[in-house]
Amino acid sequence: MNVSDSEVVLSVLQQAGYSLCSKITEASLILVNTCSIRDNAEQKIWSRIDYFKSLKKRRKGLTVGILGCMAERLKERLLEQSVVDIVAGPDSYRDLPHLLNELPGGEKQINTILSLEETYADISPVRMDKNGVSAFISIMRGCNNFCSYCVVPYVRGRERSRNPQSILNEAKELFNNGYKEVTLLGQNVNSFNWRATDQQSSFKEDISFSKLLEMVAQISPQLRVRFSTSHPKDMDDSVLTTMVKYSNICRHIHLPVQSGSDSVLKRMNRKYTRKEYLLRLEKIKKMLPDCTISTDIIAGFCGESEQDHLDTLSVMREAGYYTSFMFQYSQRPDTTAAQQLADDVPPRVKNSRLNEIIALQNELSHISNKADLGNEVEVLVEGFSKRSKAELSGRTSQNKVCIFPAGEHKVGDYVKVKVTSCSSATLKGEVIS
Ligand code: SAH
Ligand code: SF4
């Protein structure tokens, strides 16, 4: 999400006459797009700010701006830092040229007003990830779910869907420029909902997420489509039906479970039970047998007992995740959990539970990859492998990284590969001639 936002910022600034430089020491303006999701994400930025202090001593006229969620959450504290000149929240990027113009000789500039409408729909993001093959498309902003641990609804504001026409135009333009894969992004993509009554709508009917997905998939069978993130409570059958219809919609669903215990899920305000979650998975596996599932897990949430933790381990086994993003619970000020629940799992216990979760996930990833041995997979090449220029690296429709000897193939090609070996992180294979 932040990569995608930074691409919007770059577009706004390029139109105002700025250009990107390759070395931070050459920059006259440094903008940092920040994340508040966990405390350690914020701590990283505080140490970056210390580094900028030393840069500013050496470079006269250097401007430093803090953007994004931390700007929203900690505006006053950031402005107190002598090194910070600009503080701009997630909905105020259009205002950046104005803030920069006002700066010389004047006061520090701040805009952290959250909007009910801003989706940056008409801004064509300037891609920073230069592989030229895969790109993110932001389809909505904000979140209305208020999971009790999560700061997102407070720092990114209310959920709003972007005009589908602008999403389609962006996807088509990417495809015409040689891109082969787009990932539709939102905090909860399944609740995408564009109303026909919205101003300037070129659609006569409301556009749901499954409809949007279908329209993007129809651009070309040569364009892979991914999406993230799905909330289990909103992931309905219509999305699965659309996936079945279009083989270019990738066979991978990121479906964050967070915990395997009903009492923890309730305290998290996730609005589904373990059973409902597993029924969803059953349906996915029935309709899309070759679909992989990944997840997010939080270890050591408020009141989590040893049994709750064991329930998380068992849900992981039942789901057979091919990969997971795993975190220790980090209390975020002002969230419902911070206000109403005690952060009572000791750090040592959080850490050991997280380690058990990571160890299990490694095991599950290896099992999932081993099941692919001997299979034929289609890889979209994204670049060279980290180890050697003689090998290419890309992903399968199931989102697994696969490495194979380059031969005549190049970045952007779809290559049929037979999987011959694997680790828990990667598949290795041979090109099928
Ligand atoms: N909208 C997405 C998640 C966005 S945040 C969804 O609901 O699935 C990405 C992940 O960060 C979350 O899924 C959760 O696992 C983790 N996370 C969010 N707040 C956290 C916190 N306070 N402590 C630890 N992990 C957190
Ligand atoms: Fe946070 Fe929940 Fe919204 Fe995801 S759905 S961004 S976890 S509040």
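Biologist: Which strands each supply at least two residues of the shell around ligand 1?

Modeller: Strands β13 (292–299) and β14 (323–328) do. Please keep in mind that this is a predicted model.

Biologist: What makes a residue part of that shell, and which residues come nearest to ligand 1?

Modeller: A residue belongs if one of its heavy atoms lies within 4 Å of the ligand. There are 15 such residues around ligand 1, and R38, Q187, Q258, D296 and S330 come nearest. Sorted by class, the shell has six nonpolar, five polar and four charged residues.

Biologist: Which residues surround ligand 2?

Modeller: They are C143, N145, F146, C147, Y149, C150, V152, P153, Q187, H231 and R270. Here the classes come to seven nonpolar, three polar and one charged. Q187 is listed around ligand 2 and is also among those that come nearest to ligand 1.

Biologist: How do you know whether N145 is buried or exposed?

Modeller: Its relative accessibility is 8%. Buried means under 20%, so N145 counts as buried. You will find N145 in the loop between β6 (140–141) and α6 (152–156).

Biologist: What does N145 touch, leaving aside residues up to four places away in sequence?

Modeller: N145 touches N188, H231, K233, N269 and K271. With K233 there is also a side-chain to side-chain polar contact of 2.9 Å, which falls within the 3.5 Å limit.

Biologist: Why does F146 get a label of its own, and what is its phi?

Modeller: F146 has a positive phi of about 50° although it is not a glycine. Most residues other than glycine have a negative phi. F146 sits in the loop between β6 and α6. At 30% relative accessibility it lies between the 20% and 50% cut-offs, so F146 counts as partly exposed.

Biologist: Which loop holds N399, and is N399 buried or exposed?

Modeller: N399 lies in the loop between β16 (391–395) and β17 (401–405). Phi of N399 is near 75°, a positive value in a residue other than glycine. The relative accessible area is 16%, which is under the 20% limit, so N399 is buried.

Biologist: What kind of peptide bond joins S228 and T229?

Modeller: A cis bond, with omega at about 5°. Most peptide bonds are trans. T229 is found in the loop between β11 and α9.

Biologist: How do you know that the buried residues of α9 line one face of the helix?

Modeller: Start with the list: in α9 (residues 237–245) the buried residues are V239, L240, T242 and M243. Seen down the axis of α9, they fall within an arc of 160°, so they line one face. In an α-helix there are 3.6 residues a turn, so residues three or four places apart point the same way. The buried residues of α9 pack against α8 (209–217), β11 (224–228), β12 (252–254) and α11 (274–287).

Biologist: Why are E214 and K245 given their accessibility labels?

Modeller: E214, in helix α8, has 13% relative accessibility, under the 20% limit, so it counts as buried. K245, in helix α9, has 55%, over the 50% limit, so it counts as exposed.

Biologist: What joins the side chains of E214 and K245?

Modeller: A polar contact of 2.9 Å, which is within the 3.5 Å cut-off. Not counting residues up to four places away in sequence, E214 touches T242, K245 and Y246.

Terms used: Residues numbered from 1 in each chain as written. Chains lettered and ligands numbered in written order. Predicted model: local features only at pLDDT ≥ 70, side-chain atom pairs only at ≥ 80, totals over all residues. Heavy atoms only, no water. Buried < 20%, exposed > 50% of the residue type's maximum accessible area, 1.4 Å probe, protein only. Helix = DSSP H or I, 4+ residues; strand = E, 2+ residues; numbered from the N terminus. Arc of directions from axis to C-beta. Contact = heavy atoms within 4.5 Å. Polar contact = N/O pair within 3.5 Å; in protein donor to acceptor, adjacent residues only side chain to side chain. Nonpolar A, V, L, I, M, F, W, Y, C, P; charged D, E, K, R; others polar.
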